[in-house]
Structure formats: C-alpha cells, structure tokens
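Please open the structure in a viewer and keep the selection panel at hand.

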Amino acid sequence: MNVDIGNALASVASPGVSKDSLERLDEHVADAHERIEGGMANAEHGYEALNLPRRTDPDEIRSAVEPVADADALLTVGIGGSALGAATITDALADESDTEAIYLDNVDPEWITGHLERLDLENTAINVVSRSGTTAETLANFLVVREAFESAGVDWTERTIVTTGEAGPLRELSDRHDLPSLKVPDGVPGRFSALSAVGLVAAEVCGHDLEALLEGAAAEAETLSGSLFDCPAYAYGATTYALDQRGAGVNAMVPYAESLETYAEWFAQLWAESLGKDDLGQTPARALGVTDQHSQLQLYRAGPRDKLVTFVSPGDLEDREIPETDVEDLSYLGGTGLGELLEAEFEATEASLAAAGRPNVRIELEGVDEYELGGLLYGMEAATVLAGELYGVNTFEQPAVEWAKKATRGLLGGGDFEEADAVAEKTALRIER
Ligand code: PA5
C-alpha cells in the first residue's frame, strides 16, 4: 500500500501537522521501530504478529481444511479478532468464490435461526475460532450450530474445523471428537491474527490464494524502517497519532469499494481495542464511499474540527460502462464508466475536505486482490503497533473487553465474578411511555 499524508499537513488542514513536527516525531518513530524490531526478534507477545507473513504455513492450513474443501457454505463461528480478519478477506474477494462465507459473531437468536434454517447443512462446513476457547458468544453459537446439524441428520464432526489455543474448553471439545484443528500461534492477539489460521482457514475454504496474501504482507513487512518517510505503515500510524494530539480525536475510515466495507469494521476493532487505553486513543468511525457522501460527509466537512478522514482508494476496479442517453442533462454520464464516476467522486470528496481545511489521508491499493489485501492488513497492523508505541499504551491487551466477558459470565452463573455486581448497581432513570 501507499500512503499520502499531504492533506494532513498544517498548510492544508486544521487540525493539521506541520512537516517540521513530523520530522521531530520521526525521532520517536525511530525509537519505536527499534522497540518493535526487538519485540519481533524475541517473539514477544503482540509483536510476534508482525512475523506472521513468514511464520504461517499455508500447507498446514490446506491440509486441515481438506475434509470440508468442497463446502458450498462456510459458517465461521467466532467474534471480534476471531472473525473480522477472515471476514475482511472473504468479503473483499466474495465475487471470486463459489463458497458463501457467513460469520456468526452475534448471538441474536432470530438472526442465527434464520441462517440455520436457510442453509443446506449437508453442504455447509463449520469453522469455529476462539483463541481463548472460552468466549461465551462463540461457544454458545457453536453448541447451537452443532445441535442444528444433529437435528438435520448431518454429522457435524465430519464438517467442523477448530482453531483455538493450546488449552481450554474448545481445545478439549476438539480433542474429544478428534476434529481437525489448528492452533492460534503463541504471542498473537486476536485482532492481530488475520494472517494466521484464524483468518486464513476461511480464505482457503473459499478458494483464495494464501501464498499471495502472505506475500503481500511480507512485502509490506519489508518496508518497516526507522523513518515514517520511508514506511507507509509508519507514516499512517505517526500521522494519525500527531493529528489526534492536535484535536482529531475521531478517525473515519472510508474505503471506496463495496468489497472493502468489512475492512473498515476490522480496522475499527483493531484501532479501538488496541489504542483505547489510559484515557487515550482515537475513536474510529466507519463510512463507505460513495454511499456516505450522501450522509456523513456533511459532518466531516462542516462539523466539529475533531476528525481525520482516512480514504482507501482501491485502484482500478473492473469498469462497467454507463449507457449513452439523449436526455441532455445526463449526457455527461453516457459513455463513461461507473468506475470512472466512483474515481471522480473520490477525488472530488478528498479535494472538498482539503478545501475546507479538514485533514485527510489517502491509502492507495493497486486493486482488491489477495496480494493487496495481505499488504493492507499487515500495514494497518504495523501502523497500529507504531501508534501504540507513540501513545505509550499496551497495544496488545484489552482489559475492558475482558471485564465485560467476566461480567457476562458471572450473570449467567458461569462463576463468581465481581464484575457482574456492576449490573445490579446500575442507576436507572426511566422515562416510561
Ligand atoms: O482482539 C481480541 O483479543 C478480541 O477481539 C478477541 O478476538 C475476541 O474477544 C474473541 O476472543 P476469543 O478468540 O478468545 O474467542
């Protein structure tokens, strides 16, 4: 990926960051890079994720999914980091796959039932993913899915792949039924695991090129260096950090391709869960170009000056011509392509924000394929790690998320967790109809 930070400079935007400030920040980037390199070399928790392009073995994944490689549909049962990386890849490349990829992350009973009733379970595979092997939503959904398979007379043990940690209830269950299983690599937190089996099992079942995904990520890894001016990922992480320091507390991620809508969701989790600590962090927002030009753009151009807009330009999309028309006012459209229109809208929107002095950054891809996606996922993970170093937070922990997990478990009688007491202590001020 390439990153263009020109519209984030103080000469263009407010809040913006001057080139001089970025040059001063670059000294901290160099220190952070040294720390990151050290963490990677020692396979430290979290930093190890940046080693995945050369550690992940596509053959191991291929052989585990072999029994279900012919599935018409793949139900991935996982949540957060155990689902969003895979969903980003398979949603982005959905047009190239004959396998429908469905992600059961929520525990909305009507939605789950809808999927289970609609699918031909005999030709459906189950991909259960949980690093801890204890997440209530994932385990509950798996039990429900299992039962649906049993009720339909389908042997779920023949249709299930498990990806989990070394130990825990899911590992126990997998061993008990002798299910094909893969291990979440040590030192790789959920939201940084897209380039491991966690993200790649679904990609493989959907027929995508794992080698190209990893090669794209490896090429991005090659760019990591001690200066933000030489490394697109660090340029993004450092610029967003600098803008946040200057008041851009919101980061709106706006890909200009339908296929990348899920990517924005993945990014939002990565950014929020990694950096939202110690009263610090930038709030991620999600929008989609061009659709949200007709909704959120008003706020981004004329609302409070507390935002950075990150555009993702997908590069050339396979175009579709707009037919000629004899309606005079529409004649400018005829003969051009929808892709050309999208590109023009993107450039116009970017320029409109710059003209209004609103900081924006452009991430450029050369198409939406495995190679580019691998680079994008890796690049944004590295950007997040760099930003975490600059903020001085523990990027790889998520105590607030764990707190809520314990409270839920306590409420359901799954153990004695003091976090559950907070529910009883809630203050209410209900206005009734
Ligand atoms: O990034 C994270 O650590 C979280 O979002 C987890 O991925 C999420 O809570 C699911 O956890 P698990 O994989 O243990 O089921």
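The model is a predicted one.

Next, colour the chain by domain. Domain 1 takes residues 2-37 and 215-391, and domain 2 takes residues 50-208. The centres of domain 1 and domain 2, taken over C-alpha atoms, are separated by 30 Å. To the contact between them, domain 1 gives 22 residues and domain 2 gives 17 residues. Now select the side of domain 1 that touches domain 2. Helices H9 (210-222), H11 (261-275) and H14 (370-391) each supply at least two residues of this side. By class, the side of domain 1 that touches domain 2 has 13 nonpolar, 5 polar and 4 charged residues.

**H9 against H14.** The axes of H9 and H14 are 6 Å apart, and the two helices pack at an angle of about 45°. Their relation is therefore oblique. The crossing in which H9 passes H14 is right-handed. Show the side chains on both helices. From H9, the contact is made by Ala212, Leu213, Leu214, Glu215, Gly216, Ala217, Ala219, Glu220 and Ala221. From H14, the residues in this contact are Glu370, Tyr371, Glu372, Leu373, Gly374, Gly375, Leu377, Tyr378 and Gly379. The contact of H9 with H14 comprises 10 nonpolar, 4 polar and 4 charged residues.

**H1 against H14.** H1 and H14 have axes 9 Å apart and pack at an angle of about 115°. They are therefore roughly perpendicular to each other. H1, too, passes H14 in a right-handed crossing. The classes in the contact of H1 with H14 are 6 nonpolar, 1 polar and 2 charged.

**H3 against H8.** Clear the selection and take helix H3 (residues 58-65) with helix H8 (residues 197-205). The axes of H3 and H8 come within 10 Å and cross at roughly 60°. H3 and H8 are therefore oblique to each other, and their crossing is right-handed. On the H3 side, select Ile61, Arg62 and Val65; these meet Ala197, Leu200, Val201, Glu204 and Val205 in H8. The residues of the contact of H3 with H8 comprise 6 nonpolar and 2 charged, with no polar residue.

- Select Ser14 and Pro15: the peptide bond from Ser14 to Pro15 is cis, with omega near 0°.
- Move to Asp178, in the loop between helix H7 (169-176) and strand S6 (181-183). Phi of Asp178 is near 55°, a positive value in a residue other than glycine.
- Finish at Gly289 and Val290, where the peptide bond from Gly289 to Val290 is cis, again with omega near 0°. Val290 lies in the loop between strand S8 (283-286) and helix H12 (297-302).

Note on methods
Residues are numbered from 1 along each chain as its sequence is written. This is a predicted model: local features need pLDDT of at least 70, side-chain atom pairs count only at pLDDT 80 or more; totals for chains, interfaces and linings use all residues. Axes are lines fitted to C-alpha atoms, for helices over the stretch in contact, and angles run from 0 to 180 degrees between N-to-C directions. Helices (H or I, at least four residues) and strands (E, at least two) are DSSP runs, numbered from the N terminus. Angles under 35 degrees count as roughly parallel, over 145 as roughly antiparallel, 65 to 115 as roughly perpendicular and the rest as oblique. A crossing is left-handed if the near helix is turned anticlockwise from the far one by less than a right angle, and right-handed if clockwise. Two residues are in contact if their C-beta atoms, placed from the backbone, lie within 7 Å. Ala, Val, Leu, Ile, Met, Phe, Trp, Tyr, Cys and Pro count as nonpolar, Asp, Glu, Lys and Arg as charged, and the others, Gly among them, as polar. Domain bounds come from an automatic or database domain assignment.
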